Amino acid sequence: MNLDKLFNPRAVAVVGASDDKTKIGHTLMYNLLRGKKRKVYPINPAFKKVEHILCYPSVKNITSEIDLAVIAVKPEIVPAVLKDCGEKKIPFVIIITAGFKEVGAEGKKLEEEIKTIAAKYKISLVGPNCLGVMGVQSDLNATFAGDLPIKGKTAFISQSGAVGTAMLDWAKKEKIGFSKFVSIGNEAGLTENDFLKYFTDDSSVAAILMYLEGISDGQKFVKLAKKITAKKPLVILKAGKSARGSAAVASHTGSLAPSEKIFQSACRQAGAVYVESLEDMFNLAKMFEAGLLKPMTNLAILTNGGGPSVVMSDLIEASEHLSLAEISEPVKNQLRKVLPPTAAVGNPVDIIGDALSDRYEAALKILTEEKSINGIIVILTPQKMTDVKETAEVLVKYKNKKPIVPVFLGGEAIIPAEEVFKKNRMAYFHDLRPAQKALDALAVGVKKASADAPAKTKKDETVSVRQLDFEESNKLLYSVGLKTVGVFAKQKTDLKKALVGMKYPLAMKVVSEQVIHKSDAGGVQIQLADFAAVEKAWDVIVKNIKIKVPKAKIDGMVIQPMVSGKEVIIGMKRDASFGPVVLFGLGGIFTEVLKDASMRVLSVAEKEAMEMIDELKGSAILAGSRGEKSVDRKALVKIILAIAKLAENHPEIREIDLNPVMATSTGATLVDVRILT
Ligand code: COA
């Protein structure tokens, strides 16, 4: 639908126009008259003139054409006024008035009435219960908010008028421009989808922000959003997540909040950016204002401070879409030539604490030429000598060569830089995390460059890790009073001797350093009823491993009785900073999928080991329910403490994996062990 006349009407009528400065009808007149010279007609049967302009009792008394009427009269008068607009053939009507479906049954009835009138007269309706519409490029302010923001290329669709005014006011302070704004209210006529559709091909709109409380037609929305995101970014902030939030929303616009998770996936599916706070939305508006609309995924960090750049690097590495660019050797050499010897020329490029603007410039000159980098984060911390304003000016000088995102940390000292950035429409940040979040959001849908590449190990960090064999592992476990269940057979011919005294049915598992996920590799056979079955299982496992992990060396097999119980995992990992850390979690699928685990740094007391079991999200599974008995927590505590002791006694052990440990109400059995030194 063509909404040109809504955002740029030739003539507007204000129904409920007033000279009373406290009335919405007055603000509407004031805002409309401040804009471009277009005909504005006050409508109010009580007055001859409003704002010194001839006032009409009804729109029907005006002889010339009117493109838009804005209604601000009591709800019960609205149907009659709307009918007048229909008879006058006004194509667009904004109903500011509240008191419709959002207030309950009576209001809902009234809303149905206005829907019928709008349909009968083919009126395109905005609202009711809305703030109005702004066509910033066409100088139209048909709202009762403050002045228009500066002209920009971002459109904003808001289901809440209050969020709209807050956002627009903030934009004024930050000098962020907008192209169009619409407060959609109860959407009795035009919906968010109608506006999205119109903005898709609107060349004055380069990016779209939306604040939503409910969605009118989800499937249509995903289809539309997909089309939009192929051309321009679409950012969505959605309210009504919590049960309480939903209740507030229901009484606000009367929309029912759809399930949050579904909404998030729909955004993902459509390539839209889902944000969780107004601040995140503001920050993206800042990026758009600066012309930063495309993903910047291969980033360089230029900094005068080590600490903040480490934090930023970590944030980038952890992000779903962003990567740190690999700086090539020739570029590093160029940087070395212009930077002091103590500067770091990798990525981050650390030009050290006493850097002045000239050093930033020298580095930027080189980095902005580097093709593989598609964005530069420039971090500054203000030391006594730091020339903050001049550095900001350097960034302005280079911003058209390569996208630059300044993160100037501090308070008072960085104010002069903010002014420079604002004046020159650069998106700047006061903190690292918001900058990373904004960059990440822009790159939505882009796969991390290094995601599929194998993890890099720096040469000097290469370490040889050895997995202990079955006998070595059990010897260590024995030293702290633990043992795994079952026997080990190196060869098939050893089976007879090894199985003496064991009760069927049995289970068999492959022992191989290369086979970590034994079941997946076909390395486990269970319910073996007799010796013949055990022998057959051996051959099956060997065959499976040959196919699934051809390079694996089979050390032998472990043969165990069938153990039942609840699967848990108990482990230890030696951390570079904290030393040994013990871990307890629910086993099997819970470990991989839910990542439900608790950890403690050594040393661990009995009470802490007990807490580790109780603090799991799924601890109720172990506690037993519906008449089921609780697992033997004391037996589990004993194993946790023994593992901690093993880690203390053997500094050469890097990792221990007791997975699974089968817990029952009368004890716990160690089924499998993996120890790395
Ligand atoms: N045609 C034109 N004007 C009419 C009229 C008619 N048929 N009937 C009455 N008016 C005039 C009144 O004379 C009055 O003029 P005055 O203020 O100079 O006396 C003016 O319209 C206002 O109408 P009134 O009926 O007195 O209503 P109100 O001032 O109590 O409030 C609203 C009207 C729309 C502002 C109010 O009902 C409302 O909805 N407020 C909340 C709006 C809101 O929050 N919207 C959502 C934002 S997100």
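**Close-up 1. Packing of helix α12 against helix α13 in the predicted model**. Helix α12, which spans residues 329–338, and helix α13, which spans residues 357–367, have axes that come within 10 Å and that cross at roughly 160 degrees. Since angles over 145 degrees count as roughly antiparallel, the two helices α12 and α13 are therefore described as roughly antiparallel to each other. The crossing of α12 and α13 is right-handed.

**Close-up 2. Packing of helix α6 against helix α7**. The axes of helix α6 (residues 192–200) and helix α7 (residues 218–229) come within 10 Å, and the crossing angle is roughly 20 degrees. That angle makes α6 roughly parallel to α7, and α6 passes α7 in a left-handed crossing.

**Close-up 3. Packing of helix α11 against helix α16**. In this pair, helix α11 (residues 306–318) packs on helix α16 (residues 432–442) at an angle of about 30 degrees, and the axes are 10 Å apart. With such an angle, α11 is roughly parallel to α16, while the handedness with which α11 passes α16 is right-handed.

Close-up 4. A polar side-chain atom of S18 lies 2.9 Å from an oxygen atom of the ligand, and a backbone N or O atom of K74 lies 3.4 Å from an oxygen atom of the ligand. For I96, a backbone N or O atom lies 3.0 Å from a nitrogen atom of the ligand. On its own the ligand has 960 Å² of accessible area, and the protein covers 72% of that area.

Close-up 5. Most peptide bonds are trans.

**Close-up 6. The backbone at N129**. Most residues other than glycine have a negative phi. N129, a residue other than glycine, has a positive phi, near 60 degrees, and lies in the loop that runs between β7 (124–126) and β8 (132–135).

Definitions and conventions: Residues are numbered from 1 along each chain as its sequence is written. This is a predicted model: local features need pLDDT of at least 70, side-chain atom pairs count only at pLDDT 80 or more; totals for chains, interfaces and linings use all residues. Side-chain values use heavy atoms; hydrogens and water are left out. A polar contact is a pair of N or O atoms within 3.5 Å; within protein, one must be able to donate a hydrogen and the other to accept it, and residues adjacent in sequence count only if both atoms are side-chain atoms. Accessible areas come from the Shrake-Rupley method with a 1.4 Å probe; for residues, only the protein chains shown count as cover. Axes are lines fitted to C-alpha atoms, for helices over the stretch in contact, and angles run from 0 to 180 degrees between N-to-C directions. Helices (H or I, at least four residues) and strands (E, at least two) are DSSP runs, numbered from the N terminus. Angles under 35 degrees count as roughly parallel, over 145 as roughly antiparallel, 65 to 115 as roughly perpendicular and the rest as oblique. A crossing is left-handed if the near helix is turned anticlockwise from the far one by less than a right angle, and right-handed if clockwise.
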